[in-house]
Amino acid sequence: MQQNTSPAVHFSRKTTILFILAVICTIGFLFFPSYAQDTLAVPEGVHQEAQPADTLDAETEDPVTEQADEPEDEPVARDTFERGNYSRHDLRRGQRLFGGMVAFGSGTHDCSSCHYTSVPDTMNWNPSARDLALVWQENPGYSISQLLANPVGRRMIADHADMIITREEEHQLEAYFEYLLEQDPGRIHPFPVNAFIFWGFGILMALALLDLIVTRKIRFRALHALIILAGLMVHLRYAMTEAQALGRTAGYAPDQPIKFSHRIHAGENQIDCSYCHHVSSFSLSAGIPSNNTCLNCHNVVREGTHSGRFEINKIHRSAESGQPVEWVRIHRLPDHSKFSHSQHVNAGQQQCSDCHGEVEQMHILRQEAPLSMGWCLTCHRDTQVNFLANPYFEMYEQLHRDLREGRIDYVTAARLGGEDCYVCHH
Ligand code: HEC
Ligand code: HEC
Ligand code: HEC
Ligand code: HEC
Ligand code: HEC
Ligand code: HEC
């Protein structure tokens with residue numbers, strides 16, 4: 001009797017173990033993103049032919065050792081380190097040096113405690129690893145070791161005291177920078193929601209369901225529930241991340257190319273909104289100030305309390321190169337509807353904060369209102385306009401008569417036509 005049933009039981013136990021192993025592996029990936037990061041493939045461009053030009057110290061160069069096929073995992077003794085000539089070894093060392101997994105020769109501690117290697121959710125004033133990489137890429141003469149050896153500015157001096165790195169270590173950091181630049185910034189995210197995990201859990205969930213309903217190999221039902229629950233959580237988290245990336249909805253607060261803070265400017269330094277946003281002449285693109293507006297002050301203010309010189313330098317670089325700063329637009333109505341700021345701010349006497357919230361409290365600007373049609377209409381129905389005192393409204397003769405003769409007590413935006421389709425739609 002017993003012997004007859006044993007093959008089936010045996011098989012199901014094996015499957016159970018496989019399932020448990022798969023779950024453990026996936027959870028391992030989930031909670032140890034650094035493991036996944038450490039085994040990344042070497043991108044293209046690493047270990048290619050030596051490129052001429054833009055060398056920092058073009059001394060003696062031995063073409064034989066440069067061109068020869070070096071064993072990829074051996075450190076190579078070189079006294080010149082050129083941009084663009086990185087080996088697999090350089091990348092691995094650079095990544096570990098930056099992440100603090102190995103120390104620099106001088107004993108300097110790691111860089112990633114300040115220079116984040118992932119995209120943080122909150123305001124982080126220090127340049128991220130990617131920020132550093134971008135500046136390095138755009139400026140041929142840029143040398144990390146020289147910047148650290150001769151720091152300029154209060155923050156640079158304070159934060160990099162005695163952080164001397166060698167040319168070889170710099171070369172390795174550069175390999176890492178180049179690697180970072182080839183990554184999609186969206187993928188460099190602390191929560192390892194990536195395709196592998198997404199599909200991995202998808203398949204696991206499908207298997208669990210299949211077994212639960214059809215094959216019934218595993219008797220231990222709690223395992224099915226566990227897998228499906230974990231899978232749903234991962235998929236939910238994934239959906240949320242995706243929705244945020246898509247959404248021009250309330251709460252949308254994208255990263256900007258410069259860490260510009262309304263809290264510092266409009267709040268702490270009390271700069272008037274209209275100094276930068278020329279509200280009365282708002283057109284679709286004229287809403288965001290140009291470099292010149294920034295430079296009115298930042299020709300003098302060269303260093304910020306939080307970010308040092310790094311962020312403000314971007315304004316100067318942009319002005320020099322003529323390449324405008326590419327601010328990410330946050331508020332945007334669909335094309336079929338139109339909105340005029342001057343109508344609301346001048347005629348309607350609405351405050352910026354009525355629609356944009358407490359902007360002067362925000363480091364990272366965030367869309368507060370839903371910008372839906374219902375939102376517009378609700379305010380139009382509820383808001384009394386300062387009808388008699390505002391000469392703009394003199395043309396509404398019928399409403400003046402109604403008011404005078406007591407047919408109405410007050411005038412709302414809706415009564416002025418703010419509910420008519422054509423005023424908002426083309
Ligand atoms: C020193 C210049 C400056 C001042 C002062 C300033 N802003 Fe801005 N504002 C900017 C810049 C630059 C951006 C684009 C970057 C960003 O979104 O953070 C911006 C963006 C915005 C946006 C989002 C635009 C979009 O893309 O949809 C709103 C809304 C806004 N500001 C409102 C205000 C309000 C309200 C005040 C006053 C309390 C104010 N700003 C004061 C410079 C300024
Ligand atoms: C009316 C003057 C003025 C204008 C215009 C102005 N800023 Fe500033 N900005 C300041 C002041 C003051 C500080 C604070 C400096 C400090 O932290 O001591 C500052 C700080 C900063 C900082 C660093 C914040 C920190 O604490 O590290 C950045 C970045 C910055 N501004 C970007 C911009 C950009 C971009 C623009 C143009 C859209 C701009 N500023 C326009 C006056 C101005
Ligand atoms: C205590 C925090 C901290 C640590 C640790 C740190 N940095 Fe920085 N680093 C900063 C800050 C803040 C800035 C911006 C300062 C400024 O621009 O005034 C900066 C700027 C830099 C810059 C200059 C960017 C530019 O273009 O001006 C480089 C290069 C740099 N860091 C490299 C490194 C390296 C390499 C390490 C590791 C050996 C490191 N940093 C460790 C905080 C830190
Ligand atoms: C009645 C609501 C309302 C008020 C009041 C208001 N805004 Fe806006 N704001 C909007 C809407 C809606 C948009 C999106 C417009 C679009 O997409 O055409 C917007 C967009 C913006 C933008 C993005 C750039 C642009 O040109 O569209 C900036 C900057 C801005 N507002 C700043 C301000 C400032 C500064 C004030 C105060 C002087 C202010 N707003 C007052 C509703 C308002
Ligand atoms: C915070 C309140 C508020 C919100 C939100 C608001 N409005 Fe208004 N709106 C007013 C007021 C007050 C007036 C009256 C001023 C006037 O008629 O000139 C007005 C007037 C208008 C007018 C002119 C009406 C006319 O008869 O000429 C248009 C068009 C308009 N709003 C469009 C919009 C759109 C589109 C939105 C949403 C994206 C919106 N408004 C959101 C307060 C608001
Ligand atoms: C106060 C301004 C305002 C008035 C008045 C108004 N709308 Fe809208 N309407 C909007 C805005 C803003 C949107 C876009 C909101 C969104 O996409 O969520 C919109 C969206 C719509 C849409 C949806 C379009 C789409 O792409 O999904 C339709 C349909 C529409 N309006 C029809 C009307 C009709 C019909 C009237 C007259 C009874 C009217 N609206 C009056 C502001 C207005």
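The helix α16 (352-356) gives the most to the shell around ligand 4, with four residues, where helices (H or I, at least four residues) and strands (E, at least two) are DSSP runs numbered from the N terminus. In this predicted model, local features need pLDDT of at least 70 and side-chain atom pairs count only at pLDDT 80 or more, whereas totals for chains, interfaces and linings use all residues. Residues are numbered from 1 along each chain as its sequence is written, and chains are lettered from A and ligands numbered from 1 in the order in which they are written.

Around ligand 4 there are 19 residues, the closest being Gly287, His331, Gln350, Cys352 and Cys355; a residue is near a molecule if its C-beta atom, placed from the backbone, lies within 6 Å of it. Two or more residues of this shell come from each of α15 (341-347) and α16 (352-356).

Ligand 6 is surrounded by 15 residues, of which Ser337, Met373, Cys376, Cys421 and Cys424 are the closest. The elements giving two or more residues to that shell are α17 (373-382) and α20 (421-424), and the largest share, four residues, comes from α17. Because domain 3 (256-371) and domain 4 (372-426) both give residues to the shell around ligand 6, ligand 6 lies between them; the domain bounds come from an automatic or database domain assignment.

The table divides both shells by class, with Ala, Val, Leu, Ile, Met, Phe, Trp, Tyr, Cys and Pro counted as nonpolar, Asp, Glu, Lys and Arg as charged, and the others, Gly among them, as polar.

| Shell | Nonpolar | Polar | Charged |
|---|---|---|---|
| Ligand 4 | 10 residues | seven residues | two residues |

The largest nonpolar core has 15 residues, and Phe98, Ala133, Tyr176, Phe177 and Leu180 touch the most other members. Such a core is a set of buried Ala, Val, Leu, Ile, Met, Phe, Trp, Tyr and Cys residues joined through C-beta atoms within 7 Å, buried meaning that 20 or more other C-beta atoms, placed from the backbone, lie within 10 Å of a residue's own. The elements that give two or more residues to this core are α4 (88-99), α5 (129-138) and α8 (167-181), and α8 gives the most, with six residues.

Mean pLDDT, the predictor's confidence in each residue from 0 to 100, is 78 for the protein, and 76% of its residues reach 70 or more.

Key. A residue is buried if 20 or more other C-beta atoms lie within 10 Å of its own, exposed if 12 or fewer, and partly exposed in between; C-beta atoms are placed from the backbone.
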